[in-house]
Amino acid sequence: MADLLSDDEIEQRLPEGWNREGDEIVRAFQFDGYLDASGFLGAAAGLAEDAWHHPEMTITWGEVEVRLTTHDAGGITQKDIDLAERFDGIYD
């Protein structure tokens, strides 16, 4: 099981564009339309499956909101930070 990050570690490591909401890190990715958002969601789901770390993702027209937490650890771990950075990479 991954170790929980301290509040200071989360603040230092949180990627730009991500926010902390309790025991989750959250980002809303913006797109020009539903198909672009769907493509990102599909790619993100593939990365999540490869990492065996499955976030909550919600799609609406032109937006995908991602919420990351490590459920078995009970909060935010390095696994969440790493996957957030990978999602940023496919968004850019």
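Helices (H or I, at least four residues) and strands (E, at least two) are taken as DSSP runs, numbered from the N terminus. The model is predicted, so local features need pLDDT of at least 70 and side-chain atom pairs count only at pLDDT 80 or more, while totals for chains, interfaces and linings use all residues. Residues are numbered from 1 along each chain as its sequence is written, and side-chain values use heavy atoms, with hydrogens and water left out.

W61 turns up in the loop between β3 (56-60) and β4. With a relative accessible area of 63%, W61 is exposed (over 50%; buried is under 20%, partly exposed in between; 1.4 Å probe, protein chains only).

Setting aside neighbours within four places in sequence, W18 is in contact (heavy atoms within 4.5 Å) with residues including I25, F29, V66, L68 and F87.

Then there is T70, in the loop between β4 (63-68) and α3 (78-91). T70 is buried, at 2% relative accessible area. Beyond its neighbours within four places in sequence, T70 is in contact with H53, G75, T77, K79 and D80.
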